[in-house]
Amino acid sequence: MVPLSHYLALSAILFALGVAGFLIRRNVITIFMCIELMLNAVNLAFIAFARHLGRADGQILVFFVIVVAAAEAAVGLAIIIALYRNHESLSIDDLDSMKL
Amino acid sequence: MTMEVLLLLILLPPLAAAALNGVFGRRFSQAQVSWLGCGAAGLSMVSALAAAWTFSHLTPEPSAFVHRYFTWIEAGSLRADFALYYDRLTLVMTVTVTVVAFLIHLYARGYMEHEGGYYRFFSYLNLFLFMMLTLVTAANYPLLFVGWEGVGLCSYLLIGFYFRKRSAADAGKKAFIVTRTGDAGFTVGLALLFWTFGSLDFGDVSASLQALPAGQMEGTLTAIAILLFMGAVGKSAQIPLFVWLPDAMEGPTPVSALIHAATMVTAGVYLVARSSLLFAHAPLALEIVGGIGCLTALFAATIALTQNDLKRLLAYSTISQLGYMFVGCGVGVFAAGIFHLMTHAFFKSLLFLTAGSVMHALSGELDMQKMGGLRHKMGTTYGTFLIATLAISGIPGFSGFFSKDEILLGAFEAPLGKPWIFWLATLTAGLTAFYMFRALFLTFHGSSRLAPQAAQQVHESGRKMTAPFMVLAVFSVIAGYVNLPGAPWFVRYLEPVFGPAEGLLSSAAPAHSTEGHAGLLVMGMSLLVVAVGILLAYWFYLKTPELPRHLAERFRLAYRVLINKYYVDEIYNWLIVRPIRWGSDKILWRGLDAGAIDGMMVEGTASGAVSVGNVLRRMQSGYVRSYAAWILLGAVLWLGYVLWLS
């Protein structure tokens, strides 16, 4: 069996990569992909625990997370398209009109 | 009619008339206002006379009739009700005040006929009458104080009646502020009085005082007496708070006659008289009263010697005569002081009314140097002015002689009488005769120094004004006969009121050994100085009219000091007014108000908020990635906190 710690380590690394990408990348869509990456890393952790503890709770939760991620992706991409139409740019640094 | 009802009928009609005239007066005709105003004063007077009659016929005659109408203050152990107190002293005061007030109301109809604000004038005048009557009928010190402050208010309103005139408005303020200074002492005295006796009711206080052996608690009682006297000094224009009275002449002449001659200024004397037993337990305070009274009498008389403005001269004369009344109280002959209060009310108000008549005829001229020879054109005014002058100078047969003599006799032989008080008071009597006859001669005798058009317009005043003169003139003569040297009916009449106080004083310090001649000696001296005064006035102003000018040149310094009223106003201005204004400007206004409150508290909070905001707004950069970083930081911190807790 693959030890639980390996799964968790992988999940952590993926999550960290997602956070790093979220903070560093400039392209809005790339940032979105990093958000998805973070969510999926968490999914991995849930599954690993479910398998380790022999319970189905983790797997059920994963379903919830996937649904939420999908809905969020739909809405988020719609917003991005609207923003692109107004600003002609996908760089997150150009979306600064909410500053004081 | 019962006493309770009569007392209300004395007080309430003026109040009601004041309210009606004040609120609706603008729509009334002058006749309606007059009827309301004079009618209320008349009703008051009739009720006062009826009350006097009723009280005198009560069997057995109580020492005082007291009636509580309703509870006013009830706070802890302090209880002050709207209660009225009527004894022989109250009888004298109410009758004097209402009679004089009624006559002056009648006079004012004629005097104020062509002035604006007729209804306002009568409203204020009635309100004043109500307040004054409250003052003299109050049964406790707080209610007396209500009347006290009320007359002060009305005085301010009436002095500044011609409010568009700067000097009149200033004079009103000056009167109020100066008397307020005295009232500060009065209030502290009231507090001390309550602290000592647990009550401010006249009955309670006098009962406690009567049960008190002589010499006990003298320090406290002296302090109370002096503090109360401070109020009297302000209200009755004694040294050092007299400066408002001459300026108060800015008000219409009926106001000067009623308030600043006959009634309000006598409130201080009434206060001392009403508290006679308290003062008797504190002989030091009485000596201060007598001393200040005597000095004020002399001081004011010297200023009156050189005044050219007729009303101002009469104002200084009032200050001087009030000093006499305080001398009477101060040496222990309280009844004599009240006697002089009564006679003075009659002849001084008459003097003011006739002065007003002259002023009216000369279209506002008051400078005696521009008068002269008026007796030919204004016979009635002249005759009544002459009678009043004879009264105030103390000519035998006229009222002032009897009352002044009683006081001088007291200064000579009463337990607290002192030689220096007697001599200075006698000297003042001589000065009084001199300056009054000077006024008479300059105004009515001699050759006319009137301006040409004034000379043409001079006319005797109408009957509305002269009728009150004549009544007052009669009183100025006969009012003195209630007390004659061999038959002191008036003094004996007031014995129940002042007996306890006078008894206490004479047991403490027996009267000076008097042969029966004391009375004659006093009378002789006063007649002597009066005669000298009149002769000097005649010589100065009729025989050789250039003489005053020569003397003024030779004694230039003395003359300048006198005509500038010893520069008292200027001294006060330098010592008191200017520092207060400087302090108000630099410290209170610039420092505290503009600096601390406006600057720090109002603007400071605003700019503080702005600065904090400026710092915080850097978080709202619109820069999404910084938001993301902050979110991450927050999440990490929170996670760490949760892990640390478990």
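Author: Two residues are in contact if their C-beta atoms, placed from the backbone, lie within 7 Å. This is a predicted model, and in chain B residues 24 or more positions apart account for 82% of the contacts with a separation of 6 or more.

Reader: How many helices and strands are in chain B?

Author: Chain B has 27 helices and two strands. Its C-alpha trace spans about 115 × 65 × 55 Å along the principal axes.

Reader: And what share of chain B counts as buried?

Author: Of its 646 residues, 50%.

Reader: Where does Val458(B) lie?

Author: Val458(B) is in the loop between α19 (452-457) and α20 (463-478) of chain B.

Reader: Why does Val458(B) count as partly exposed?

Author: Because Val458(B) has 18 C-beta neighbours inside 10 Å, and a residue is buried at 20 or more, exposed at 12 or fewer.

Reader: What does Val458(B) touch?

Author: Leaving out residues up to four places away in sequence, Val458(B) touches Ala361(B), Leu362(B), Leu374(B), Lys377(B), Met378(B) and Leu450(B).

Reader: Switching to chain A. At what angle do helix α2 and helix α3 of chain A cross?

Author: Roughly 175°, and the axes of α2 (residues 28-53) and α3 (residues 57-87) of chain A come within 9 Å. The angle is over 145, so α2(A) is roughly antiparallel to α3(A).

Reader: Which residues make the contact?

Author: From α2(A), they include Phe32(A), Leu39(A) and Phe46(A). From α3(A), Leu61(A), Val65(A) and Ile80(A) are among them.

Reader: How many of the contact residues are nonpolar, polar and charged?

Author: The contact of α2(A) with α3(A) has 15 nonpolar, four polar and two charged residues.

Note on methods:
Residues numbered from 1 in each chain as written. Chains lettered and ligands numbered in written order. Predicted model: local features only at pLDDT ≥ 70, side-chain atom pairs only at ≥ 80, totals over all residues. Helix = DSSP H or I, 4+ residues; strand = E, 2+ residues; numbered from the N terminus. Axes fitted to C-alpha atoms, helices over the stretch in contact; angles between N-to-C directions. Parallel < 35°, antiparallel > 145°, perpendicular 65-115°, else oblique. Nonpolar A, V, L, I, M, F, W, Y, C, P; charged D, E, K, R; others polar.
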